[in-house]
Amino acid sequence: MCNGIKICLFFFILAALLFSGCAGNQTGESGLSEIVASEMSSDQPIAFKADKSDENIEMVKENEQSNIELNVYKTACAGEDDDLIDVRVNSVEAEKGQIKSVEPEKYKYFALLYNNSLNEDLSLDSDYVYISVNITLHGGKSFDRLYLSSFRLYYSLDGEEYFGEMAYQSAMDNPDNPHDVGVISYTAEEEKNVTIGYIVPNQILNSENVCLLAAFADDGNTEKSPMFKIADGTTFE
């Protein structure tokens, strides 16, 4: 009888320990899920921090003390080494709250990096602004496919460099193909105006050094891709 009681007590304690362990695991998983959910639902804007190995950072830093470079042509490589085209930045503007420079029906043409940054009526989340950069292209050769996808917006904040990717451009030849969002065509000797749009964290408005990299290919060759200083801390006031 005594042995039977001991055996029953043993199994009772074992069951209690197992239940306690399971309950502990459930609590731990729940706590982790809450942390992950909190991070995923954070309303803090996300910026692409430029890697220190990014060769373009040197050009960004060189522009820190320079004047804003609008209405100046710089030559960029548009494909092969002998495929050159001139790029000029005409203007840069920032829109907060609502994008009014683009028709709402063109919402589907935006390449959104964050689903919560832009609504279908082109209203912006409060953490983001829309930066539009109007450029002119001019060259002596025609291009059936000229790529603007690698035109990046670089900016400096608190000693760190960040960049924004193209979200929209106004001269899409095939806007219904998501793979061709950054593709345009160009006719020789044409002065082609294109507006490139970026949805970026609103901290860019505090940057004293905003630059546009005019790159037609993402090959890391900085000699082929000029950079313009297009804004500073007073531009967006």
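In this predicted model, contact means heavy atoms within 4.5 Å.

Q: What makes S91, V92, E93, T195, I196 and G197 contacts of S132?
A: Contact requires heavy atoms within 4.5 Å. Once neighbours within four places in sequence are left aside, S132 is in contact with S91, V92, E93, T195, I196 and G197.

Q: Why is S132 called buried?
A: Buried means under 20% relative accessible area. S132 has a relative accessibility of 8%, and therefore counts as buried. This residue lies in strand 4, residues 128-138.

Q: Why is strand 6 called mostly covered?
A: A residue is buried under 20% relative accessible area, and six of the six residues of strand 6 (residues 152-157) are buried, so the strand is described as mostly covered.

Q: What makes both faces of strand 6 covered?
A: On one side R152, Y154 and S156 are buried, and on the other L153, Y155 and L157 are buried.

Q: Which strands pair with strand 6, and how do you know that they do?
A: The criterion is at least two bridges. Four bridges join strand 6 to strand 11 (residues 210-213), and five join strand 6 to strand 7 (residues 160-164). Both pairings are antiparallel. Y155 has V210 in strand 11 as its bridge partner, while L153 has G164 in strand 7. In the hairpin of strand 6 and strand 7, two residues lie between the strands, and D158 takes a positive phi near 50°.

Q: Why are strand 1 and strand 12 said to stand at the edges?
A: The open sheet has five strands in the order 1-7-6-11-12, with antiparallel pairing. Strand 1 (48-49) and strand 12 (227-231) each have a single partner strand, so one side of each is left without a neighbour in the sheet. Strand 12 pairs with strand 11 over four bridges in the antiparallel sense, and K229 in strand 12 is the bridge partner of C211.

Definitions and conventions: Residues are numbered from 1 along each chain as its sequence is written. This is a predicted model: local features need pLDDT of at least 70, side-chain atom pairs count only at pLDDT 80 or more; totals for chains, interfaces and linings use all residues. Side-chain values use heavy atoms; hydrogens and water are left out. Buried means under 20% relative accessible area, exposed over 50%, partly exposed in between (1.4 Å probe, protein chains only).
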